[in-house]
Amino acid sequence: MTVTTPRIRVAAAPISWGVCEVPGWGRVLDAGTVLGEMAELGVRATELGPPGYLPRDPAELRERLNGHRLELVGGFLAVVLHENPEAALAEAEESAVLFAACGGDMLVLAAATGLDGYDDRPELSDAEWATLVKTSGEIKEIAARHGLRTVLHPHVGTHVETEREVERFLADSDLPLCLDTGHLLIGGTDPVALAKRHPGRVGHLHLKDVRGELAEDVRAGRLPYAEAVGKGLYVPLGDGDVDIETMVRSVHEAGYDGWYVLEQDTALSEGSPEDLPKRDVARSLAHLDGIVSRLPAAR
């Protein structure tokens with residue numbers, strides 16, 4: 001199985017192989033296995049994954065990626081934006097330097113709560129929200145000085161999760177979004193409708209598919225997020241309740257020319273087959289390939 005989608009830029013992410021920073025998330029495969037399987041599937045670019053999984057030294061990281069013929073898209077940065085901005089700006093500077101030195105061009109920012117995991121979300125005051133917006137704008141400026149673009153990632157268990165919060169952020173900030181089809185749906189936002197309402201604000205794309213009934217359980221607080229992932233919340237593209245074809249068609253026809261990142265959050269137990277992530281990503285690639293073959297020419 002290889003990527004045969006020349007009309008769009010496809011990338012992967014280590015989280016599709018169960019690599020996550022959340023304590024107790026599950027079994028973590030070694031980087032050589034993960035990067036090697038990306039390459040075997042024909043993927044030619046990846047996001048970085050959580051801090052510490054891949055080298056933070058630019059020379060080491062470039063060598064590791066080059067050994068698998070992988071480009072770096074950029075990476076995910078979940079930091080507290082609503083308090084202690086200096087700490088968030090320092091982390092952003094460090095990440096931007098690394099991403100830029102290794103050829104990345106995207107900083108994917110999330111408004112972390114500062115708590116472990118993705119289940120508790122303290123309510124923010126208006127002043128804290130204003131700080132969140134201001135800090136995200138300052139991070140955008142830091143990233144731009146290093147040649148990077150910044151997008152805000154609405155994400156389960158962060159301070160931009162629900163549809164109300166997504167729309168509030170879009171109104172208060174000029175940052176584009178990382179349109180993550182799974183996290184948006186879990187948070188109560190129809191990702192297709194959001195992309196159609198704000199076509200000019202789609203700056204990056206994470207393609208996920210999810211099982212709607214488990215998403216509803218997470219949204220209602222009946223099931224912790226990590227437990228839902230372990231129960232199969234995320235499925236290969238085409239197997240869940242996200243209208244992936246309409247999503248891809250919509251952003252493509254609107255002129256989106258960025259990365260299409262396959263990013264299916266996976267949690268591996270000790271008994272999970274080691275080749276499960278590779279098989280699931282292969283199925284997602286095949287589904288995406290079929291969609292792309294039916295796309296009209298972009299305007």
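## Strand E10 and its partners

In this predicted model, strand E10 (residues 259-262) directs Trp-259 and Val-261 to one side and Tyr-260 and Leu-262 to the other, and all of these residues are buried. Strand E1 runs parallel to E10 and is joined to it by 4 bridges, with Arg-9 standing opposite Trp-259. Strand E7 (residues 202-207) is also parallel to E10, to which 3 bridges join it, and here Leu-207 stands opposite Leu-262.

## Ala-11 in strand E1

Ala-11 belongs to strand E1 (residues 9-12), and it counts as buried because its relative accessibility is 0%, where the cut-off for buried is under 20%. Beyond its neighbours within four places in sequence, Ala-11 is in contact with several residues, including Val-43, Val-73, Trp-259 and Leu-262. Ala-11 and Gly-258 are 247 residues apart in sequence, while their C-alpha atoms are 10 Å apart in space.

## A cluster of aromatic rings

The whole structure holds 3 aromatic pairs. In one of them, the rings of Trp-25 and Tyr-225 have centres 6.2 Å apart and planes at 40°, so the pair is tilted. Because Trp-25 lies in the loop between E1 and helix H1 (31-40) and Tyr-225 in helix H9 (residues 225-230), this pair ties together parts that are 200 residues apart in sequence.

The rings of Tyr-225 and Tyr-234 have centres 6.4 Å apart and planes at 80°, so that pair is edge-to-face. Both tyrosines are buried, and ring pairs link Trp-25, Tyr-225 and Tyr-234 into a cluster.

Note on methods. Residues numbered from 1 in each chain as written. Predicted model: local features only at pLDDT ≥ 70, side-chain atom pairs only at ≥ 80, totals over all residues. Heavy atoms only, no water. Helix = DSSP H or I, 4+ residues; strand = E, 2+ residues; numbered from the N terminus. Buried < 20%, exposed > 50% of the residue type's maximum accessible area, 1.4 Å probe, protein only. Contact = heavy atoms within 4.5 Å. Pairing = 2+ DSSP bridges. Phe/Tyr/Trp six-rings, centres within 6.5 Å; stacked < 30°, edge-to-face > 60°.
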